[in-house]
Amino acid sequence: TSPIDRLRDDVMYCRTCRMISDQETCSICSDRSRDHRTICVVESVRDVMSIEKTGQYHGVYHVLGGIISPINGIGPSDLTIRQLVDRVSDMVSPEAMFDSDGAPAEVILALSGDVEGETTSFYIYRQISQFGVKVSSLARGLGFGDDLEYADELTLGRSIINRQVFKP
């Protein structure tokens, strides 16, 4: 078989985070050294790669597959928001809510700072706020309307380190 056929046949989405992988569970989700109680929500696989390049984030991800954009006909049901809500619900069982240091579970909304990104962040916040997890967003070292894909590593790394509580 050709490399293109193997690529088509062997590449799939991780069943947990929707990252591309050659196995049911991607290498990030299966890495036990990562903080599985911190989920960074991103729009695309490219955003995962951008954040990973910074070396500043050690949690897991959730890839939405886009952002809410009524003008483009993309609504919440077109994205993996329901799967994210299910993951957060599972993460907040009484025994899993806090780590051994007493820190609560966290969801980082790492979406673009444009209107669609903010709308998507607000929608997700409304869906998961009932679970009592800490919800944060990237510090705004990124310019309004900038895509994560084009941010330099230093700016993106500092945005991860200096994230703040999401305020709708």
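**How many disulfides does the count come to?** Zero disulfides, going by the rule that a disulfide is a pair of cysteine sulfur atoms within 2.5 Å. Cys14 is in no disulfide: its nearest cysteine sulfur belongs to Cys17 and sits 3.8 Å away. For Cys17, the closest cysteine sulfur is in Cys29 at 3.6 Å, too far for a bond. Both residues are buried (under 20% relative accessible area, with exposed meaning over 50% and partly exposed in between; 1.4 Å probe, protein chains only), with Cys14 at 0% and Cys17 at 1%.

A quick note for all views: this is a predicted model, so local features need pLDDT of at least 70 and side-chain atom pairs count only at pLDDT 80 or more, while totals for chains, interfaces and linings use all residues. Residues are numbered from 1 along each chain as its sequence is written, and side-chain values use heavy atoms, leaving out hydrogens and water.

**The largest nonpolar core has 42 residues**. A nonpolar core here is a set of buried Ala, Val, Leu, Ile, Met, Phe, Trp, Tyr and Cys residues joined through side-chain atoms within 4.5 Å. Ile51, Ile124 and Val133 touch the most other members. Elements giving two or more residues include strand E3 (35-42), helix H2 (45-54) and helix H4 (115-128); helices (H or I, at least four residues) and strands (E, at least two) are DSSP runs, numbered from the N terminus. The largest share, five residues, comes from H3.

**Val60 lies in strand E4**. At 1% relative accessibility, Val60 is buried. Skipping residues up to four places away in sequence, Val60 touches Ile28, Asp35, His36, Thr38, Ile39, Cys40 and Arg87, where contact means heavy atoms within 4.5 Å. Asp31 is 29 residues from Val60 along the chain, and their C-alpha atoms are separated by 9.1 Å.

**Ser137 lies in strand E6, residues 134-137**. Ser137 is buried too, at 10% relative accessibility. Neighbours within four places in sequence aside, Ser137 is in contact with Leu109, Arg163, Gln164 and Phe166.

**Helix H5 has buried residues along one face**. Those buried residues are Leu156, Gly157, Ser159 and Ile160. Looking down the axis of H5, they fall within an arc of 160 degrees, so they line one face of the helix; the arc is that of the directions from the helix axis to the C-beta atoms. H2 is part of what covers them. On the other side of H5, Leu154 and Arg158 are exposed.
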